[in-house]
Amino acid sequence: MKKDIILGGVGGQGILTIAATIGTAALLEGLYLKQSEVHGMSQRGGDVQAHLRISSKPIASDLIAAGKADMVIAVEPMESLRYVNMLNKDTGWLITSMNPFANIPDYPAIEDLLKEIWKLPRYITIDAEKTAKEAGSIRAANIVILGASAPFIGIKYQSLEQAIRKIFAKKGEDLINLNLKALKLGFDYAQKHR
Amino acid sequence: MDKILLLGDEAIAQGAIDGGLSGVFAYPGTPSTEITEYIQASKEAKELGIKSEWSANEKTAMETGIGMSYAGKKAMVCMKHVGLNVAADAFMNSAITGTNGGLVVVSADDPSMHSSQNEQDSRFYGKFAMIPVLEPTNQQEAYDMAYYGLTLSEKFGTPVMIRVTTRLAHSRSGVVRKEQIPQNEMHLPGNHNQFILLPSMARKSYSGLLGKQSAFESDGESSGFNAFYDGNDKSLGIIACGLAYNYLIENFEDGKVPYPVLKIGQYPVPSAMVNTLYEAVDEILVLEEGAPLVEELLRGLLNRGKKIRGRMEGSLPRAGELNPNLVAKALGIEVEEGFEIPSVIKGRPPVLCDGCPHIDSFEALNDAMKPYGRGHVFSDIGCYTLSALKPLESIDSCVDMGASITMAVGAAEAGLSPSIAVIGDSTFTHSGMTGLLDAVVKQVPITVFILDNATVGMTGGQHSAALGRIEDICKGIGVEEEHIRVVKPLRRLHDENLAIYKEEIAYKGVSVIIPRRECVQTLSKRMKLKAAAKRNKK
Ligand SMILES: Cc1ncc(C[n+]2csc(CCOP(=O)(O)OP(=O)(O)O)c2C)c(N)n1
Ligand code: SF4
């Protein structure tokens with residue numbers, strides 16, 4: 001088993017929580033893991049990315065090679081497209097939220113972005129904010145995206161649930177359940193639309 | 001023991017804790033900050049009484065480390081690469097004095113300049129000071145090298161450098177811990193002259209350092225951090241330093257490289273091992289993150305031997321960080337990139353946070369400077385440097401920490417009027433204070449804005465040594481009290497503040513304006529903690 005995942009978004013959107021959840025689940029399954037994060041400058045409303053690699057064998061590089069990523073998981077549509085050069089052309093999936101984060105004056109029209117995403121052979125686009133609201137809070141949008149990615153990660157769904165329980169343990173039972181619901185709604189959507 | 005998941009930085013921190021550390025001394029700077037933050041947050045470190053408060057700058061941190069080493073305990077000093085420029089005087093001389101307690105200096109390089117003003121390679125400093133340098137390949141080695149480095153430093157009585165780069169510093173992986181070594185008892189150096197670098201004594205110490213060089217090299221041959229892996233295909237030999245080794249391995253199924261490989265993780269460069277490789281192969285490819293240090297050594301000035309390939313020769317780009325595909329191309333392995341990035345994508349540069357006090361400070365400054373046009377505002381390094389970009393476009397310089405005030409002094413001496421300096425609170429106590437003293441002594445007409453957001457914002461909100469001290473410092477340095485003005489940078493106070501700015505800019509002496517309002521990030525973090533504490537009480 002080996003999955004190379006690029007995570008993309010804007011500072012503060014919670015991509016590191018996605019990475020931490022997948023990472024925790026991977027450890028629960030006894031897999032090797034390398035996760036390279038971006039800190040510093042890019043936290044102030046700039047684009048952020050993380051490389052997450054999980055494998056049943058030891059992993060060498062902290063960075064994923066361009067053209068070798070199995071998945072791009074993004075919490076923002078323009079950010080998802082920023083990393084399509086990383087995807088494996090034959091097998092790679094792109095999973096992204098359709099909700100733009102337009103903090104720059106020249107942000108493109110969302111239709112133009114979606115048009116580009118829908119040209120790809122394998123993608124899931126989801127209204128993560130609407131789905132997160134259904135689950136109970138718009139702030140769980142990142143976990144909706146994680147749910148929508150779950151069918152492709154190669155980790156048991158139960159392990160992801162367990163990881164969420166661990167990561168949100170300090171925040172109380174209500175928030176755990178909310179995030180588990182967000183995960184499930186994202187997962188169901190992806191299963192239906194893959 | 002179980003594996004724990006650690007960033008490269010955190011692995012260094014844990015390795016040092018387990019290696020018998022008594023104190024970490026540092027000034028924040030990406031990508032080194034998390035080393036000290038990990039120790040500050042570690043319960044274990046607290047129980048062990050390990051000192052970990054931030055220092056005012058890298059030089060004071062380095063000297064504090066030397067002092068702890070003098071007193072017989074193990075110390076670690078951490079900084080980003082450019083911080084080593086600030087600490088350089090102390091660092092270079094610590095190589096001459098040598099150590100009593102173990103002393104490890106961590107310098108975190110930032111190739112590709114993700115959040116730095118240059119991409120200097122700290123290995124040159126290690127070579128310059130003639131001390132051992134350790135360069136980890138992965139998180140486990142980062143742990144091992146911090147653990148081993150403290151002991152190595154004691155064994156040789158010399159400081160040891162650990163050089164990391166951004167990708168390893170900020171990448172997480174599993175690490176296995178070793179048994180904890182107890183801290184040293186305080187004990188003074190056996191030789192009372194060891195730390196006195198008077199010429200007569202310094203000459204002796206220096207020849208001692210020179211005498212240790214071959215021992216440093218042989219340690220690198222037995223420590224396991226340098227390793228030779230033979231391969232059947234002798235048409236090429238590869239030297240891979242630190243992180244670059246991973247990018248090499250990544251390109252071969254199960255990591256089986258067909259060529260002979262020398263992995264370098266400890267310097268001085270192991271010349272005997274390099275010689276073995278050189279004799280065995282037709283040509284050599286050097287993979288190193290940063291500058292072509294090893295490649296340049298091998299080529300020499302005349303470059304007359306076997307072909308040496310790398311960043312100088314052109315098989316790899318001269319600047320920027322490496323990645324698996326760049327290494328693949330250098331090896332002649334074909335790589336197929338993914339889909340083309342569509343042209344609708346726009347850049348998303350970092351910006352000042354919504355509600356950031358700096359925005360209001362600069363809006364008033366822009367209005368105050370309108371009559372003079374651009375070219376008068378010397379700035380410094382911090383969040384406020386983002387005011388160089390649209391929409392504010394307020395500042396005209398950013399060179400090194402502290403340079404705002406001193407550049408304003410120099411420009412004023414050349415006749416520029418008005419000459420304005422803009423500096424953050426932490427940068428002011430890091431290295432702005434001495435420049436202000438120059439201005440006061442020289443009686444140069446400048447106006448200094450000390451943007452006091454009560455934190456080190458740029459690097460994530462660490463404690464600022466300037467907190468609650470700025471007016472007193474300025475007064476003590478000799479700025480006249482009536483020309484030290486504190487304002488609150490808020491939109492609704494714009495006109496009031498603008499009037500004060502104009503007054504002080506018109507003053508023909510040294511004036512200081514302190515726009516004071518807390519960083520909104522640390523403020524909201526504080527509020528959240530407060531709310532949580534309240535909830536817990538109920
Ligand atoms: C010599 C050196 N050390 C550390 C850094 C990293 N660094 C950049 S700005 C900064 C501090 C900024 O704090 P402050 O002046 O208070 O401004 P703020 O970011 O809070 O606006 C640091 C630590 C650096 N660039 N150079
Ligand atoms: S982190 Fe603080 S100082 Fe930096 S831009 Fe944001 S609000 Fe301003």
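Here is a chat about how to read some features of this predicted model.

Biologist: Before we start, what should I know about the numbers?

Modeller: This is a predicted model, where local features need pLDDT of at least 70, side-chain atom pairs count only at pLDDT 80 or more, and totals for chains, interfaces and linings use all residues. Residues are numbered from 1 along each chain as its sequence is written, chains are lettered from A and ligands numbered from 1 in the order in which they are written, and side-chain values use heavy atoms, with hydrogens and water left out.

Biologist: Let's begin with domains. What is the domain assignment of chain B?

Modeller: Domain bounds come from an automatic or database domain assignment. For chain B that gives domain 1 (3-222), domain 2 (227-330) and domain 3 (357-522). Taken over C-alpha atoms, the centres of domain 1 and domain 2 of chain B are 26 Å apart. In chain B, 29 residues of domain 1 are in contact with 26 residues of domain 2, contact meaning heavy atoms within 4.5 Å.

Biologist: Now sheets. In what order do the 8 strands of the open sheet come?

Modeller: Helices (H or I, at least four residues) and strands (E, at least two) are DSSP runs, numbered from the N terminus. Two strands pair if DSSP finds at least two bridges between them. Here the order is S6(A)-S5(A)-S4(A)-S1(A)-S3(A)-S2(A)-S7(B)-S1(B), with mixed pairing. Strand S6 (123-126) of chain A and S1 of chain B are the edges, each pairing on one side only. From one strand to the next, the twist averages 20°.

Biologist: Which strands pair between chain A and chain B?

Modeller: Strand S2 (residues 32-36) of chain A pairs with strand S7 (residues 171-176) of chain B, antiparallel, over 3 bridges. Lys34(A) has Ser173(B) as its bridge partner there. S7(B) is also joined by 5 bridges to strand S1 (residues 3-7) of chain B, again antiparallel, and Leu5(B) stands opposite Gly174(B).

Biologist: How do I read helix packing?

Modeller: Axes are lines fitted to C-alpha atoms, for helices over the stretch in contact, and angles run from 0 to 180 degrees between N-to-C directions. Helix H15 (residues 403-413) and helix H16 (residues 425-442) of chain B pack at about 25°, with axes 8 Å apart. That makes H15(B) roughly parallel to H16(B); angles under 35 degrees count as roughly parallel, over 145 as roughly antiparallel, 65 to 115 as roughly perpendicular and the rest as oblique. The contact residues divide into 5 nonpolar, 3 polar and 3 charged, where Ala, Val, Leu, Ile, Met, Phe, Trp, Tyr, Cys and Pro count as nonpolar, Asp, Glu, Lys and Arg as charged, and the others, Gly among them, as polar.

Biologist: Where does ligand 2 lie?

Modeller: Ligand 2 lies between chains A and B. A residue is near a molecule or strand if one of its heavy atoms lies within 4 Å of it. Of the 10 residues around ligand 2, Cys353(B), Cys356(B), Cys383(B), Asn453(B) and Cys519(B) come nearest. The shell has 6 nonpolar, 3 polar and 1 charged residues.

Biologist: Which residues does a cis peptide bond with omega of about 5° join?

Modeller: Thr30(B) and Pro31(B), with Pro31(B) in the loop between S2 and helix H2 (33-41) of chain B. Another cis peptide bond joins Ser417(B) and Pro418(B), with omega about -5°.
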